[in-house]
Amino acid sequence: MKPLSIMVTVTVAVIVVAVGWMLGPGAPWWLEHIDGVTGLQGEKLAAAVDTIRGRVLAVATGLAALMAVYYTARNSKTAWYTFQLGERGHDTDRYGKAAEQLGHAQAPVRLAGLYALEQLAQNNPGLRQTVVDVFCAYLRMPYALPEELDRGEQIRGAPPAAPGPEAEPRGFKKKTQATAEGGLM
């Protein structure tokens, strides 16, 4: 345990014992030795002891409230740090996914990555320079032209169609069947 925790624990234990003693046999002792009241009997003694016990309970309640405020403030500080750490992790995940999109084969996905990085830089001033550096590095990368495709295929984004049976020359199957049966070519 830390020295501060040990000190707080010992202090709390002493206060609890003192309050317990004051609520029991300590109230008449306090009345006689600290307040200097002597010679009370019956109802007057009981009322004076109850008054002392009421003061002790008020002080104990105040101390408990102070401790509650202290621990609440301490826990809120810890919760704030945890929240900030979570936000940083969320930003790191967003950055990683957006940077991954920049390497995608399709242009719309790369554009989405650029927009995601831009939004991340807008929301997090600490990452703005990093995002600018990534943009600059991305723009400096060499560009490899795609293979020449038909203009219609480029627009649709589909690969060129493989030749089907209708693209075969006429009579191709008949000649192959004839050669398989031993006929003329």
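User: What pattern does the protein chain follow when read along the sequence?
Analyst: In this predicted model, the protein chain has seven helices and zero strands. Read in sequence order, the pattern is α-α-α-α-α-α-α.

User: In which helix of the protein chain is confidence lowest, and in which is it highest?
Analyst: The mean pLDDT of the protein chain is 79, and 78% of its residues reach 70 or more. Where pLDDT is low, the predicted coordinates should not be read in detail. Confidence is lowest in helix H7 (residues 172-180), with a mean of 49, and highest, at 90, in H4.

User: What percentage of the residues of the protein chain count as buried?
Analyst: The accessible surface of the protein chain is about 14,900 Å², and carbon and sulfur atoms hold 64% of this surface. A residue must have under 20% relative accessible area to be called buried. Of the 185 residues in the protein chain, the buried share is 12%.

User: What share of the contacts with a separation of 6 or more comes from residues 24 or more positions apart?
Analyst: A contact requires heavy atoms within 4.5 Å. Among the contacts in the protein chain with a separation of 6 or more, the share from residues 24 or more positions apart is 37%.

User: How far apart are the end C-alpha atoms of helix H3, and what span should its residues give?
Analyst: Helix H3 covers residues 42-101, which is 60 residues. At 1.5 Å a residue, the span should be 88 Å. The value computed between the end C-alpha atoms agrees with this, at 87 Å.

User: Which helices are included in what covers the buried residues of H3?
Analyst: The buried residues in H3 are Ala-48, Val-49, Ile-52, Val-56, Ala-60, Asp-91 and Ala-98. Their cover includes helix H1 (3-23), helix H2 (26-34) and helix H4 (107-123).

User: Which element gives the most to the nonpolar patch?
Analyst: Leu-4, Met-7, Met-67, Tyr-70 and Tyr-71 make a nonpolar surface patch of about 490 Å². Two or more of these residues come from each of H1 and H3. With three residues, the element that gives the most is H3.

User: Is Tyr-70 buried, partly exposed or exposed?
Analyst: Tyr-70 lies in helix H3 and is one of the residues of the nonpolar patch. The class in question runs between 20% and 50% relative accessible area. Because its relative accessibility is 41%, Tyr-70 counts as partly exposed.

User: Which residue forms a salt bridge with Arg-55?
Analyst: The count of salt bridges comes to two. In one of them, the closest N and O atoms are 3.6 Å apart, and the partner of Arg-55 is Asp-35. This pair links distant parts of the chain, 20 residues apart, with Arg-55 in helix H3 and Asp-35 in the loop between H2 and H3.

User: By about how many helical turns are Arg-94 and Asp-91 separated?
Analyst: The side chains of Arg-94 and Asp-91 form a salt bridge, with N to O at 3.9 Å. An α-helix has 3.6 residues a turn, so residues three or four places apart point the same way. Because Arg-94 and Asp-91 are three residues apart in helix H3, their separation is about one helical turn.

Notes:
Residues numbered from 1 in each chain as written. Predicted model: local features only at pLDDT ≥ 70, side-chain atom pairs only at ≥ 80, totals over all residues. Heavy atoms only, no water. Helix = DSSP H or I, 4+ residues; strand = E, 2+ residues; numbered from the N terminus. Expected span 1.5 Å × (residues − 1). Buried < 20%, exposed > 50% of the residue type's maximum accessible area, 1.4 Å probe, protein only. Areas by Shrake-Rupley, 256 points an atom, 1.4 Å probe, with all protein chains shown as cover. Patch = residues over 30% accessible without salt bridge, like charges linked within 9 Å, V, L, I, M, F, W, Y side chains within 5 Å. Salt bridge = Lys/Arg side-chain N within 4 Å of Asp/Glu carboxyl O. pLDDT = per-residue confidence, 0-100.
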